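Me: I would like to learn how to read the features of a model with care. Could we take them in turn, the general idea before the case?

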Amino acid sequence: MTNAPNKVDGFHKLSTLWRIDYEVEALEPLLTRAAYEEAKEEVADLLGKTLPKPELDAVPLLIEGRAVITGNTVKGVFRHIISAQLTEAGKIVCVQDVKKREGVNAEDLGRRGMCGPDDPCEVCKWFGTAGRQGALYFSMLWSKGGMEEVLAAEPIPMVALGEDTKALEAEKGKGKFALLAPVKKGTVFSGWITGDNLSEVIIGAIKEVQDMSEKGFLKLGGYKTRGFGSVKITIKSIEKYRAAPLELEQKYEGDELSTFLKKCQEEYHRFLSGK
Ligand SMILES: [Zn+2]
């Protein structure tokens, strides 16, 4: 919450703060990319097996003994899904330059070019633009169990073919198959989303992503085309605070949470249909 309240788009003052606690359960093996080489040796030691290759090609991101999904990864997936829905509904949504493949015109995709900080589209208002913080902040997600508990017992060998090889950077020049050591199915991560002055529409959009995840449409991490990464989201509670002075105004849990989320989702649907 470092940005000054008057910089939060569309609001002149900070009146409410929100915290959404949620869990993410891996429905398939999950592989977020480790940032450093030593992690591969650590994971190989933990598995304690004689591997058919000198080293693992991909291991999960591990921090302080837990598997971690970064806030950026989660935010990226939420942004992607919500952008696609808003575009489908005919709302003006930009394409971030980093996502744009060469020779692809944003207008051809039904989108506009990347927003400047002073003229954000709805998605940029929620998720931020380059140089401007959006309304939503995504924490890291931490596995509830330690890494001994969450690693799949056997590394998974995978033949690298065609288009996929581009995604398999780790294995270049290291044989004909990749050896992956994912987090196992059933692993539960927990984290939170915070936001300033959140509308029911934004909260409804988050509920919408939860519903999609229940059907297997939400995937995190690498090797998504290879049967990795489906996750289910469960919103556990929502806290609404009055900003000044900081005071818990309402905490939604259980049935109250379900009722509130349903109402928010209806607002989101109304927004999508332009009513
Ligand atoms: Zn935008």
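Me: Which residues are buried in helix 1 (residues 38-47)?

Reply: A word on the source comes before the case. This is a predicted model, in which local features need pLDDT of at least 70 and side-chain atom pairs count only at pLDDT 80 or more, while totals for chains, interfaces and linings use all residues. Residues are numbered from 1 along each chain as its sequence is written. A residue is buried if 20 or more other C-beta atoms, placed from the backbone, lie within 10 Å of its own, exposed if 12 or fewer, and partly exposed in between. Helices (H or I, at least four residues) and strands (E, at least two) are DSSP runs, numbered from the N terminus. In helix 1, the buried residues are Ala39, Val43 and Ala44. They cover an arc of only 135 degrees around the axis (taken from the directions from the helix axis to the C-beta atoms), which puts them on the same side of helix 1.

Me: What lies on the other side of helix 1, and what covers its buried residues?

Reply: Glu38, Glu41 and Asp45 are exposed on that other side, whereas the cover of the buried residues includes strand 2 (62-63), where contact requires C-beta atoms, placed from the backbone, within 7 Å. Gly48, with a positive phi near 60 degrees, follows helix 1.

Me: How many Å should helix 7 (residues 254-272) span?

Reply: The expected span of a helix is 1.5 Å times one less than its number of residues. For the 19 residues of helix 7 this gives 27 Å, and the end C-alpha atoms are 27 Å apart, which agrees. Phe260, Leu261, Cys264, Gln265 and Tyr268 are its buried residues. They cover an arc of only 140 degrees around the axis, which puts them on the same side of helix 7. The face turned away from that buried side carries the exposed residues Asp255, Thr259 and Lys262, while helix 6 (200-214), strand 9 (231-242) and strand 10 (247-252) are included in what covers the buried ones.

Me: Which elements do the buried residues of helix 6 pack against?

Reply: They pack against strand 1, helix 2 (71-88), helix 3 (122-127), strand 8, strand 9 and helix 7. The buried residues themselves are Ile202, Ile203, Gly204, Ala205, Ile206, Lys207, Glu208 and Ser213.

Me: How many bridges join strand 1 to strand 8 (residues 188-196)?

Reply: Two strands pair if DSSP finds at least two bridges between them. Strand 1 and strand 8 run antiparallel and are joined by nine bridges, with Tyr22 partnered by Gly191 in strand 8. Strand 1 (residues 16-26) also pairs with strand 9, in the antiparallel sense, over eleven bridges; there, Arg19 has Glu239 as its bridge partner.

Me: Which peptide bond is cis, and where is Glu64 found?

Reply: Most residues other than glycine have a negative phi, and most peptide bonds are trans. The bond from Ala244 to Pro245 is cis, with omega near -5 degrees, and Pro245 has its place in the loop between strand 9 and strand 10. Glu64, in the loop between strand 2 and strand 3 (66-69), has a positive phi near 50 degrees although it is a residue other than glycine. Glu64 counts as exposed because it has 8 C-beta neighbours inside 10 Å.

Me: Is Asn197 buried, exposed or partly exposed?

Reply: With 19 other C-beta atoms within 10 Å, Asn197 is partly exposed. Its place is in the loop between strand 8 and helix 6, and its phi is positive, about 50 degrees, although Asn197 is not a glycine.

Note on methods: Contact = placed C-beta atoms within 7 Å.
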